[in-house]
Amino acid sequence: MCKNIPVVFVYLSVYYNCFILLKLLTFCACYCIIYIDSEIVIGEMLLLDFDYIYILTAVALGVLVTIVRRSSYFEERKNKFFVMGIFADMLILLGYVGRDLSEQYKNILLAHFSNTMIYMCAPLSMFFLVYAATKKPDKLTKICFILETASILIALSSFKTGWFYTVSSDVIYSRGTLYLYNEVLGIVFTILWAVYSFIEFKYIDLIDKFCLSEIFVLQVLAIIIQGQNSTYKIIYIGGAFNLMIYYAFVTEVYGKYDKLTGVRNRQYYHSMLTKNKFLSRYSIIMADANELKSVNDTYGHAEGDKLICAVATAMNNAVGKKGHVYRIGGDEFVAVIKTDDKDVAEEISNVIQKTLLEKNEQKYRISASLGIAVHQSDESFSQTVERADRKMYENKNKYYIETGKNRRKY
């Protein structure tokens, strides 16, 4: 049941983002058609009673915190900053509720407190996500820290200076002279979050990259749209739902791709096999790293991981857009090539071997045994894989005979 909880909120967040996207398109269309005195007309179209969104957002963030804290997908550092970003979004939500209540009950102290909280935490939530997306702080994140510290100080002083916001004697909120600094900072942090995320997930497919980009594009567009009018409440409430989509995306990626090598994993391979997603015309290249046990025993498992990654990288680069590579075991890989041309499959195999030869370490030899099989019309996918597997083991036996090494030992 717990596994179904994030799915429900993912669907809700997708619908919500579609709703925002529709409003953004409506905004652009109206802006082009009406243009003059557009704030009143467009404002009426974009404004909505968001009380129920407040409640849904609070529940979504609460569930997300619980799930992320128990998740094994995020490393400890990423987990910590991601949760801090969620809590910052919660404070923004409380700030919006407080602002509405202050205007309703004419409480100027609550108005100042709420607006300070909003402006202080608005870019802060994105700042934490930037840190969550990095493996360790670099010069760019240190600059972000300085910019965010300045934003917090300006927010704290705005009740006197009016730099980010002002509140009139009859408790009417309006933006201050430095409001754009806060908005631009949110856009910059969102873009950096996107850049670091794409670097982390550089190995994912094009369709997955498109899904990832949707999160950041909608967030930036929401910031720009809300910049048109302070009463538009879509920017960070929508951001809360984007966090849910991002978490779902990360769990999906880690569920489909091998974290060590970046290629598709065994689960993805069997999923494609079960759904019969493979083409009718294809070739199979099976690969198995040579002497992995010897490397692990002599130099440690860290070196063994390097050997596995070297084989995966060589295969992935050689296959390119002609197919996909899957890690189906410790040092076993299968490449599905989208052609039944044996010459193409053999060329890819030769490129793999040549690449591994060029990457040889001084301490040990990097190599892999390969087996090729071209799919025939009268056989199943499994039968083609079995032929490639047998050919691979034939080549592996030849390797150990030629090198004079004991296969059981190595």
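Predicted model: local features only at pLDDT ≥ 70, side-chain atom pairs only at ≥ 80, totals over all residues.

Reply: Two strands count as paired here if DSSP finds at least two bridges between them.

Begin with the setting. The chain holds 14 helices and seven strands. It has 410 residues, and 50% of them count as buried. Take the contacts in the chain with a separation of 6 or more: residues 24 or more positions apart account for 68% of them. The accessible surface of the chain is about 21,100 Å². Carbon and sulfur atoms own 61% of that surface.

β3 and β5 run parallel and are joined by two bridges. R264 has Y326 in β5 as its bridge partner. Next comes the pairing of β5 with β6, which is antiparallel and has five bridges. These two strands form a hairpin, with four residues between them. H324 lies opposite V336 in β6, and G323 lies opposite I337 in β6.

β6 also pairs with β4. The two run antiparallel, with six bridges between them. D288 finds its bridge partner in β6, at E332. β4 (residues 283–289) then pairs with β7. That pairing is antiparallel too, over seven bridges. Here I285 stands opposite I372 in β7.

Then the helices on the sheet.

How well covered are β5 and β6? In β5, four of the five residues are buried, so the strand is largely enclosed by the rest of the structure. β6 is mostly covered, with five of its six residues buried. In general, side chains in a regular strand alternate between the two faces of the sheet.

I348 is buried, with a relative accessible area of 2%; the cut-off for buried is under 20%. Leave out residues up to four places away in sequence, and I348 touches I285, A318, V319, K322 and I337. Two of these names have come up already: I285 stands opposite I372 in β7, and I337 stands opposite G323. I348 and N317 are 31 residues apart in sequence. In space, their C-alpha atoms are 9.4 Å apart.

α12 has a helix partner too. Helix α11 (residues 292–299) packs with α12 at an angle of about 150 degrees. The axes of the two helices are 7 Å apart. From α11, the contact uses L292, V295, N296 and Y299. From α12, it uses H301, E303, G304, L307 and I308. By class, the contact of α11 with α12 has five nonpolar, three polar and one charged residues.

Elsewhere in the chain is another helix pair. Helix α7 (residues 179–200) and helix α8 (residues 206–226) have axes that come within 10 Å. They cross at roughly 175 degrees. That makes α7 roughly antiparallel to α8, because angles over 145 degrees count as roughly antiparallel. On the α7 side, the contact residues include Y179, I187, W193 and F198. On the α8 side, they include K209, L212, F216 and I223. The residues of this α7 and α8 contact divide into eleven nonpolar, six polar and two charged.

Conventions:
Residues numbered from 1 in each chain as written. Heavy atoms only, no water. Axes fitted to C-alpha atoms, helices over the stretch in contact; angles between N-to-C directions. Parallel < 35°, antiparallel > 145°, perpendicular 65-115°, else oblique. Contact = heavy atoms within 4.5 Å. Nonpolar A, V, L, I, M, F, W, Y, C, P; charged D, E, K, R; others polar. Buried < 20%, exposed > 50% of the residue type's maximum accessible area, 1.4 Å probe, protein only. Areas by Shrake-Rupley, 256 points an atom, 1.4 Å probe, with all protein chains shown as cover.
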